[in-house]
Amino acid sequence: MSCVLTVTAIGPLGVFTVRGQTAKALLWLSDAGKRGVTAQEVSSWAYRFSAYCWDLRHKHGLTIVTHKEPHEGGWHGRHELTSPVSIVEVKQPKKAA
């Protein structure tokens, strides 16, 4: 029985599987397309969104570009997945009985 979201995908380095928050981040990035995703947009669940992007970049060879968006008091990053990625399978966590 799986208690964690699991995503299997095909990226530049071939087939890979990610779990948990990194899997959720991959789905969000994939769905967002050119619009990209900010940490604020996923703040209800992704407390370390940049770290999940780092894992996808460095462990799975994905290209994720971070665009700087200025705002009052500084800037924030908008992460855009630019690598071609095909989602093969999404396994949702099983609900406890």
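Axes are lines fitted to C-alpha atoms, for helices over the stretch in contact, with angles running from 0 to 180 degrees between N-to-C directions. The model is predicted: local features need pLDDT of at least 70, side-chain atom pairs count only at pLDDT 80 or more, and totals for chains, interfaces and linings use all residues. Residues are numbered from 1 along each chain as its sequence is written, and side-chain values use heavy atoms, leaving out hydrogens and water.

**Helix packing**
- Helix H1 (residues 20–32) and helix H2 (residues 49–60) have axes that come within 9 Å and cross at roughly 85 degrees; helices are DSSP runs of H or I with at least four residues, strands runs of E with at least two, numbered from the N terminus.
- H1 is therefore roughly perpendicular to H2 (65 to 115 degrees).
- Gln 21, Thr 22, Ala 25, Leu 26 and Leu 29 of H1 make the contact (heavy atoms within 4.5 Å) with Phe 49, Tyr 52, Cys 53, Asp 55 and Leu 56 of H2.

**Salt bridges**
- Three salt bridges are present (a side-chain nitrogen of Lys or Arg within 4 Å of a carboxyl oxygen of Asp or Glu).
- One of them joins the side chains of Arg 78 and Glu 41 at 3.2 Å, N to O.
- This pair links distant parts of the chain, 37 residues apart: Arg 78 lies in strand S5 (residues 74–81), and Glu 41 in the loop between strand S3 (37–38) and H2.

Note on methods. Parallel < 35°, antiparallel > 145°, perpendicular 65-115°, else oblique.
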